[in-house]
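Here are some exercises to work through with the model open beside you. Try each task before you read its solution.

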Amino acid sequence: MVLLDHIESMLMNEKIENITQQNNKSVFLIGILIGILFLMSAATIWYQYKTVQRGMYAQIYQNGKLIQTLSLTEREPYTIMIEGENGAYNLLEIREGEVGIVDASCPDKLCENMGFISQPLLPITCLPNHLIIQIVGEEAYMGLDGIAY
C-alpha cells in the first residue's frame, strides 16, 4: 500500500511538473508574441510620424487672407518673420515636415506653446496677431476636394 501511494504521488508530481512546464512555455510564447506586436506597432507609428509626406504645405493666413504658402519638404530648417499691424510679429520656423511659431509679440504666447504641427488636424492660431497656420496636402493645395466642386 505504501509503495502504491508513493508511486501515485510520484506520478501526480510528474503530471503537475509537465503541466507547469507547458504553462510556462505558453506564457513565454504569449509574451514573445505581445512583444513582437508592440515593437511592430511602435515601428509603424514612428515611421508614419517621421515620414514627410510629399506635397505637404503650410498655409499662412492673416486677417482671414492667405498671405503665404510654404512647402514643408525642405531639408534645412529656416525661419520667416510675419509682420502685422501696430508692430505685431510672429517668427515661424519651418523644418522638414513641420512648422511652428518660435517667437511672437502677443502677450499670452499661446501660439508658441502650441508647438510644431505636421498634420492638418489642428492649426496654429495667434488670435491677438490675427494669424492662422494650417497644414494642407497637395490635393487641398490644388483647390478641389470631395465637397467643393
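Two strands count as paired if DSSP finds at least two bridges between them. Strands (E, at least two residues) are DSSP runs, numbered from the N terminus. This is a predicted model, in which local features need pLDDT of at least 70, side-chain atom pairs count only at pLDDT 80 or more, and totals for chains, interfaces and linings use all residues. Residues are numbered from 1 along each chain as its sequence is written, and side-chain values use heavy atoms, with hydrogens and water left out.

**Exercise 1. Follow strand β4 to its partners in the sheet.**

Step 1. Begin with β3 (residues 78–83) and β4 (residues 89–95): they run antiparallel and are joined by six bridges. Across this pairing, Glu83 stands opposite Tyr89.

Step 2. Turn to β5 (residues 98–104), which is antiparallel to β4 and joined to it by six bridges. Leu91 has Asp103 as its bridge partner in β5, and Glu93 has Gly100.

Step 3. Finish with the hairpin of β4 and β5, where two residues lie between the strands and Gly97 takes a positive phi near 85 degrees.

**Exercise 2. Find the salt bridges and sort their residues by accessibility.**

Step 1. Apply the criterion: a side-chain nitrogen of Lys or Arg within 4 Å of a carboxyl oxygen of Asp or Glu. The structure holds three such salt bridges.

Step 2. Arg95 forms a salt bridge with Glu93, with the closest N and O atoms 3.0 Å apart, and another with Glu98, at 3.2 Å.

Step 3. Lys109 and Glu112 form a salt bridge through their side chains, at 3.6 Å from N to O.

Step 4. Sort by relative accessible area: buried means under 20%, exposed over 50%, and partly exposed in between (1.4 Å probe, protein chains only). Glu93 is buried at 18%, as is Glu98 at 16%. Arg95 is partly exposed at 31%, Lys109 is partly exposed at 29%, and Glu112 is partly exposed at 23%.

Note on methods:
Helices (H or I, at least four residues) and strands (E, at least two) are DSSP runs, numbered from the N terminus.
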